Amino acid sequence: MKTIKEVGIVGYGAYVPRPRIPAKAIATTWGAADNGSLPVRQKSVPSLDEDTVTMSIEASRNAIERANINPQQIRAVWVGTESKPYAVKPSSTIVAEAIGATPAVSAADMEFACKAGSEAMQTAVAFVGSGMAEYALAIGMDAAQSKPGDALEYTAAAGGAAYIFGPAEDSLAIVEASYSHVTDTPDFFRRQHMHYPEHGHRFTGLPAYLSHTQEATQALMDLTSARPSDYDWAVFHQPNPKFPRRVAHTLGFTDKQILPGLVVDSIGNTYSGSSLLGLAAVFDIAKKGDRIFFCSYGSGAGSDAFSMVVNGDLVNVRDHAPTVRDYLSRSHVLNDYGQYLRHSRKIRLL
Amino acid sequence: MRNVGIVGIGQVPVAEHWDRSLRDLSAEAVISALHDAGDPNPGALYAGNMLAGELTGQENVATLIADATGLLPIEAIKIEAACAAGGAAIRAAYLAVASGAHDCAVAVGVEKMTDHFNDAVSSALATAADADYEAGHGVSFVALNALLMRRYMHEHRVKREDFAPFSVNAHRNAACNPHAMFMDEISVDDYMASPVVADPISILDSAAICDGAAALVLCALENEGTFPKPAVRLAASSCATDTLGLSERRDPLRWQAVADSASTAYKQAGIGPIDIDAFELHDAFTIVSALTLEACSFAEPGEGVRMATSDAIRREGSVPIATMGGLKGRGHPIGASGVYQAVEAVHQLRGTAGEAQIPDARTVMIQSVGGSGSVAVTHIFQT
Amino acid sequence: MQLPRYHRLRQSFYRLEGSRCENCEKAFFPPRKLCRECHSPDLGTYLFTGTGTLYSYSQMNQSPRGFANVGPYAVGMVRLDEGPLIMAQLTDVDGVDLRIGMPVEMVTRKIQENSAHGYIVYGYKFRPLLSNTTEALFSSPDAVATT
């Protein structure tokens with residue numbers, strides 16, 4: 001899919017909270033063996049006073065710093081998440097108010113499991129590309145919930161990133177083309193009355209994550225007559241360290257291309273924030289002229305693929321806000337599983 | 001304005017009065033004061049109280065008291081100035097008599113705090129601060145004072161231990177006061193071992209939650225002969241304010257409302273700090289004692305604590321404070337404290353302070369402070 | 001905190017929007033309708049940058065009613081770069097040695113979560129300065145403010 005007006009990313013900002021819980025602490029509580037088979041070493045946990053709204057506000061402020069625009073010029077604020085603080089009441093209005101984008105702004109919260117953030121990106125591209133707006137803000141952010149004792153508890157983390165889309169000229173990176181691949185595939189879901197999601201175990205692999213990511217990537221590359229070797233960097237959705245590496249290799253991307261964009265090894269799976277955070281990590285190191293391939297995945301299921309080329313001197317704006325590395329390196333390790341339970345609000349008074 | 005004197009005093013012991021209500025406490029204090037004054041017929045009653053609305057669901061407190069003490073249908077009004085409500089009630093009664101509106105007026109302070117759990121009382125006390133920008137951010141009243149104490153320690157290079165004498169002195173004096181809440185003396189070691197509430201403030205830095213009531217009968221001095229006991233003259237009465245929010249002060253460590261109120265009072269009485277024989281200051285926290293001594297010109301900025309460490313504040317010292325326990329030792333039933341201070345000042349000036357007596361006391365200053373130094377009411381009594 | 005009251009406060013709570021006197025240019029937080037210095041009523045809105053230094057702090061061992069969910073926490077007074085002092089909770093300070101003078105910055109966090117009707121109150125708090133200029137700040141010998 002291509003836009004009428006050329007669109008680019010004019011600002012980007014990441015956010016990862018400070019607390020961490022080591023996988024070992026989770027394993028010890030549930031009597032799981034710590035024999036090197038735990039998926040990640042540790043994951044990020046929101047502080048007691050953080051949620052998707054507060055994290056989105058900071059990521060957005062970082063993006064505005066780098067974009068160097070007046071927030072009043074932003075015409076849309078879309079928050080893609082599966083951990084909205086309110087089931088009914090948009091998170092995006094609070095974000096819009098906090099960053100000074102109200103009142104001449106469109107706002108909504110989006111849900112498509114882990115690809116809600118890239119849905120917001122796709123919509124922002126369309127908003128700007130159609131000429132309806134000069135700037136639109138897309139956020140992918142989560143404070144992911146997981147059932148205690150479940151395998152996903154090791155990886156369900158918190159964090160994400162925000163992107164401001166605007167005119168391609170003078171942008172940091174131009175969006176060359178995008179493509180969305182969606183089917184009805186119930187690999188992971190949560191009913192309204194359930195606190196924790198259910199997942200389809202091995203069903204989430206081949207028929208879900210792998211197939212949709214591959215199909216979307218292949219389709220976009222066919223449409224743009226591109227090959228993996230045309231790209232300097234590639235970012236995929238990162239539910240665990242294995243899946244993005246596996247799909248990258250299957251598609252023909254190398255480890256070198258995907259490594260800078262892999263954040264899951266450090267902090268786990270930030271769900272709607274995952275691929276967006278990986279992209280921000282790539283922006284933190286990319287140079288003018290670099291081409292970036294991006295493909296998200298969300299359960300339900302679908303993938304959004306984008307082809308981008310770095311247009312501006314990222315190094316000039318990099319230091320205007322904390323980098324992904326800055327956030328990854330600041331950490332406060334929680335002492336024990338009990339503290340983690342309190343932080344992730346799993347303790348209910350009977 | 002004509003001269004005013006105090007001809008009757010009454011007080012209930014400060015304690016956790018599980019068996020006495022707001023009504024019981026205030027009635028007892030008022031009846032006791034009226035009796036001390038020979039049972040006159042006051043024309044007005046002013047009731048100092050801060051928390052009855054929030055903690056007892058009772059406003060219209062002055063009417064309640066007038067009703068309970070057989071004083072209907074006199075003028076009766078509740079006076080609120082946060083923790084300075086007691087001092088403010090005295091001021092209202094003073095103005096009523098000084099102006100000629102009434103020949104005899106009652107000032108009563110009452111507070112009933114112990115019917116609630118601590119967190120509810122803490123919330124209620126925070127209404128003295130800025131509701132939106134201080135209490136609304138979860139900053140407790142203790143924390144406001146803790147921020148001041150830490151800053152003071154930083155700017156003036158003093159240690160926590162240097163504040164201990166304020167607490168030790170208060171409890172030493174309280175031990176001589178049968179109406180005091182705390183009758184045991186404490187040591188510096190006790191102070192240093194005391195649990196921290198909001199650092200650096202510990203339990204022994206802070207006045208405790210309690211119940212109490214105290215009352216005065218004021219009359220025009222020209223009529224003092226008609227009362228059984230000689231009047232203690234009200235030589236000064238003054239109230240001043242500063243910003244509600246602590247962070248909006250020009251210098252948070254300089255309590256300007258206290259300074260302004262004190263300097264006006266000195267002028268009214270035609271005296272200076274050197275003439276004060278005893279000072280019942282608002283020692284809700286040890287840091288407040290230090291800041292008050294400085295703002296009232298007893299010490300230079302940063303030297304307030306040294307008045308404590310040098311024992312100047314003891315009964316035998318140059319500026320005795322909290323002579324019958326103060327807010328810390330006798331107790332701090334919020335809206336009543338200012339009136340307890342007056343009752344104790346009168347005892348000192350009548351020579352009836354017992355073991356706590358300051359020899360030859362002729363001039364006693366009392367001061368009630370509301371919020372984090374946002375309103376101050378100062379009175380000077382003389383014989 | 002009641003809903004309409006919270007709604008009125010949102011600009012100052014979310015973004016540190018205060019006031020500035022058009023006449024004498026003094027900036028204020030919280031916002032005011034009357035200048036404290038020159039008493040002029042001509043006050044416009046002013047957005048503070050949110051950076052400053054820690055003027056004082058205290059770790060509260062008990063949270064007041066309604067704040068238990070995010071507590072216990074530290075509170076502080078911050079000297080904003082533009083001059084005014086501001087009172088707020090401190091955040092991201094677990095395991096951090098607080099000291100007067102340390103550089104801090106404003107972040108928007110949850111202040112209260114169990115208000116009467118169950119809605120969330122968001123507002124400003126301050127955390128130790130985090131930016132990738134932090135290294136440069138601390139490597140300079142005279143960079144740390146002493147007030």
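## Salt bridges between chains B and C

Across the interface of chain B and chain C there are 4 salt bridges. This is a predicted model. One bridge joins the side chains of C:Arg5 and B:Asp132, with N to O at 2.6 Å.

Between chain B and chain C, 17 residue pairs are in polar contact, both residues at pLDDT 80 or more.

## What chain B brings

Which elements of chain B each supply at least two residues of the side that touches chain C? They are helix H5 (118-125), helix H6 (141-156) and strand E5 (196-198). The largest share comes from H6(B), with 8 residues.

What kinds of residue make up this side of chain B? The side of chain B that touches chain C has 15 nonpolar, 8 polar and 11 charged residues.

## Extent of the interface

On chain B, 34 residues are in contact with chain C. On chain C, 35 residues take part in that contact. Together the two chains bury about 3,100 Å² between them. Carbon and sulfur atoms account for 53% of that buried area.

## Confidence

The model scores ipTM 0.93 and pTM 0.94. Chain C has a mean pLDDT of 87. In chain C, 86% of residues reach 70 or more.

How values were computed:
Residues are numbered from 1 along each chain as its sequence is written. Chains are lettered from A and ligands numbered from 1 in the order in which they are written. Side-chain values use heavy atoms; hydrogens and water are left out. Contact means heavy atoms within 4.5 Å. Buried area is the accessible area (1.4 Å probe) that two parts lose on being put together, summed over both. A polar contact is a pair of N or O atoms within 3.5 Å; within protein, one must be able to donate a hydrogen and the other to accept it, and residues adjacent in sequence count only if both atoms are side-chain atoms. Helices (H or I, at least four residues) and strands (E, at least two) are DSSP runs, numbered from the N terminus. Ala, Val, Leu, Ile, Met, Phe, Trp, Tyr, Cys and Pro count as nonpolar, Asp, Glu, Lys and Arg as charged, and the others, Gly among them, as polar. pLDDT is the predictor's confidence in each residue, from 0 to 100.
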